[in-house]
Amino acid sequence: MSRAAQRPPVLAVALLRLSLPRGLVRDTILGDLCEEFNQIARSDSRRAASRWYWRQALGLAARALPARARPPRKPIDEAASMTRGSFVDELLIDLRYGVRQLARRPAFTVVVVLTLAVGIGPNVAIFSVLKGLVLRQLPYPEPERVVAVWETEVDFRGYMPLTAPDYFELREGNGSFEELGVYEPSWFNLNDDGVPIRVRGVASTASLLRALGMEPAMGRLFTDDAEVPGNHRVVILSDGFWKRRYAADPAIVDRQLTINGEPFDVIGVMPEEFEIVDFWSGLSRPDIHVPLVLPRGGELRGMHWLLALGRLAPDVPVEAAEADLRAIASRLAADYPATNTRTQVWIDPVLRSSLGGVSRTLVFLLVMVGVLLLIACANVAAMLLARGTYRAAELAVRATLGAGRRRLARQLLTESVLLSLLAGVVSVISAVWGLEILKSLIPGRIPRVEGIHIDGSVLLFALIIASITGALFGLAPALFASRTDLAGALKEGLGIDSGWRSRSKKLRLLLAAQLALALALVNAAALLVISYRNVVATPLGFDGEQVLLAEIHTEGATYEAPESRRAFWLELAERLQDLPGVEVAAATTKLPLQGGNNGFAIAADAPYDAGVRGVWVEYSWVLPGYLEAMRIPVIEGRTLTQADLDPAISRPGPELQVVVNRALVQQFWPGESALGRRFRQNGNPAAWTAVVVGVVENVRQFGLERSPIAEVYFPYVPVTRRSTYLVARTAGDPNALAPLVREIVTAIDPNLAVNTVSMGDIVQAVTENRRFAMLLVMLFAGTALVLVAAGTYGIMSYTMSQRLHEVGVRAALGADRGRLLVFFLGQGMRFASWGLALGIFWALWAATITSNQVYGVNPYNPWLILGGTIFMFAVTVAASVVPVVRASRVDPVQALRAE
Amino acid sequence: MRPPFSDQRSSEGPGRGAPGGKALPRDFDARVLGAIRRLDDAAYGPEIARALERDAGKSVSRGALYTALDRLERKGLVRWRIEEATADRGGLPRRRFESTQGHDARMES
């Protein structure tokens, strides 16, 4: 920690400046607190010092403010000067008066506060999610210097992991990074009490830990020596895992755990806030951290599997560092044309790269809740305006006694801000509760969910948004009410209302505004519902019902040789095949909907040209039976057989019998038969050449919403260290098979942990994100409708109550009830129509924000907007009918007498 | 009647307590006074606070401390003078307190 003096929290200082009387004494107190703050910051931490400072500031303010608010007991001749007291003094008087006003009408206060809370609460909740996922700083020192390094196709910024040889070159050759490290998120088979469990973890270089710059909470970190095979058996636990699994055992360091069948020594525990955020795997807090042993040889030049994070040297801008790395990449492209010609490097600020598309959905939701808040504001503004009728006399009296317009407006504004602050408190309380529900609804693959909670900055956001809200809905009524026509208002106080006409016009304007705003929300909700339906109805290309998957990690010394891994999978599939109830058992390296393992291919007879990218192809390595188990329809030729497996394992550059999908055929040989055709990897020399023996239907590879790209199904070769999935089609409930699978795996190797899931669950999981957003927007739109309906009802009731006399006159002059009804309803609806007409434009504009959330539907669909408009109109009519009917039923004699 | 922490010189004579003062324990004021006497030349706000915290074995609210100092000043028991700022204080001045009762009182403690 630096020795330089630090500044105490700005807000706490501002609070003190506001609450203590200006002058020398205040300055000395601020100085004292600043001095003590610095002492604590040095001896403890800045955080502790800030906590201390806030405590003292609140204590001092609590003592000073009431003393200043106490009504001054001054002689009469001095009282006049009090009306021009200091800002704070006046504010305190206004506050006191406001509290009394609100307490006098508790029902009104409660309704207003709840309406506002309905608007503010979702804003607080969505903001805290945004804060927890996106805005929260990473826990590393100087997090802005931590960046992610990606390789990519040239002229593109794609997310491709690094190869091991490239990593070494980039790390050793650059002059812009203080440290650069790589990691591989993985699952581990951990055994500490006889039953193996699967734990989420990270294998990383020691340089990665140095790049992040975090110290362990206990024990030590591993160093570069641990990357040498033989020294690698050390493990660091996460704080969460240490507490969960080992009950925070203080003697955990030096304990031995069996990981992937080998004994590992626990050397440390990371602090609670440690996280590695990674959208690649949905990881944010790995349970364990082990050294990554990297092969030094060049044979892995084509395999991109390492995620890289680095710490920039001080004062090196991202652009300079990127230029530095790109120079190295260009040199590599010249040195290794076979693998690196089309490879380039780029740098991404780590947090952005870690969240993928999540932030876009959140910003969309934030706009939606913003609209909801505006509706609530308009609603409350209408209530305050209507109440203005009852307060006009009071304000007029105050004005005659000498209160200026600005002074009165400020009083009214203080009251509305007070109301919205109350609503803010209610919102925060309900958000604490609502957030738990929200968190449980957030789809599992989004990292950092555990970081979502209500903290200081969320409270600050609530405070700011509540204050703005108060100003927003309070401003119009305050300006209007303070422009008081004294004589008129005093008459009004006597029961003669002359101001209702202009007031009811303003009320209807507010109603029109609410309708316009709500239309956009209703339209967005309809778009999302249709999109969700479209997504769910997308043909998958396979049948995932009754398919059980078991993810097993063949890691550790036993499975070092690819042959041993293949032997394990063949044996497992064979044993499963024999079980009753299993129709087909096979294995695959990649599941449908979870793509991301790919490369580039060219026709076999095409000459190699470093300037040509080739066709982008997804790779799946499968055991025979996989296509049958997933029921992927065959279009042409045959599926893979046992006979195809054997040539696949013999290296180098074998010719493989493969099955391809329809998209690949369309790109290579459109309109022709693909059987017997050859294509190869785009490399020099090619890593593989393939002969097509069969063509199958396209399967969705990247969730449901992206169209399928070309895909190759290779005969199973345990090429990567990536996990492999056992795939079994069952006659009955797939989950019933799970215990049997576990039993068989344990019989083959007791150190392997098994994680089973049904393919149906995976299909459901990919639509979760969208379902979540849809449900939220539906909730917001529903709330908006309720607010609008309640607002319409309230405004119409109020207007009709003010026009009873007119109703009486019209009835007395012979208007029948039906005509009265049509007349008054028509007047109300004229405003509603204006509002909705305006709303159509606004909804079209808002659809541009919704457009990145829709699927298979035109966001500017005119019929949808028209339907929404008619629906909203119907809601307004329904909400107006009751008050109008009630008023038209009034006996004319009574109505005239009521005057 | 003036708010606490005010630096306008009071028109009230020494010995007249503030109206709100009665609610606070008198012995706290006595302890503050004792600390000022003991600290002698070093009786600045933070030092007084630390001395009180050492004696009491628990933390002392700065709000309570500055209210007490204000009260003691109004009773005429302490006075203060302004001294220069140090780097840690963000350039703000500081007050050194001293007892108005002279050296005899200091010897007691």
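Predicted model: local features only at pLDDT ≥ 70, side-chain atom pairs only at ≥ 80, totals over all residues.
Author: Contact here means heavy atoms within 4.5 Å. Residues are numbered from 1 along each chain as its sequence is written, chains are lettered from A, and side-chain values use heavy atoms, with hydrogens and water left out.

Reader: How many residues does the contact take from chain B and from chain A?

Author: Chain B gives 28 residues and chain A gives 27 residues.

Reader: What area is buried between them?

Author: About 2500 Å², with 58% from carbon and sulfur atoms. Buried area is the accessible area (1.4 Å probe) that two parts lose on being put together, summed over both.

Reader: How many salt bridges between chain B and chain A?

Author: The count is 4, a salt bridge being a side-chain nitrogen of Lys or Arg within 4 Å of a carboxyl oxygen of Asp or Glu. B:Asp88 forms one with A:Arg42, and the closest N and O atoms there are 2.7 Å apart.

Reader: Which parts of chain B touch chain A?

Author: Helix H2 (45–56), helix H3 (62–74), strand E1 (78–83) and strand E2 (94–99) each supply at least two residues of that side. Helices (H or I, at least four residues) and strands (E, at least two) are DSSP runs, numbered from the N terminus.

Reader: Switching to confidence: what is the mean pLDDT of chain B?

Author: The mean is 74, and 69% of the residues of chain B reach 70 or more. Over residues 7–25 of chain B the pLDDT is below 50, and over residues 103–109 it stays under 50.

Reader: What ipTM does the complex get?

Author: The predictor gives an ipTM of 0.79, with a pTM of 0.70.

Conventions:
pLDDT = per-residue confidence, 0-100.
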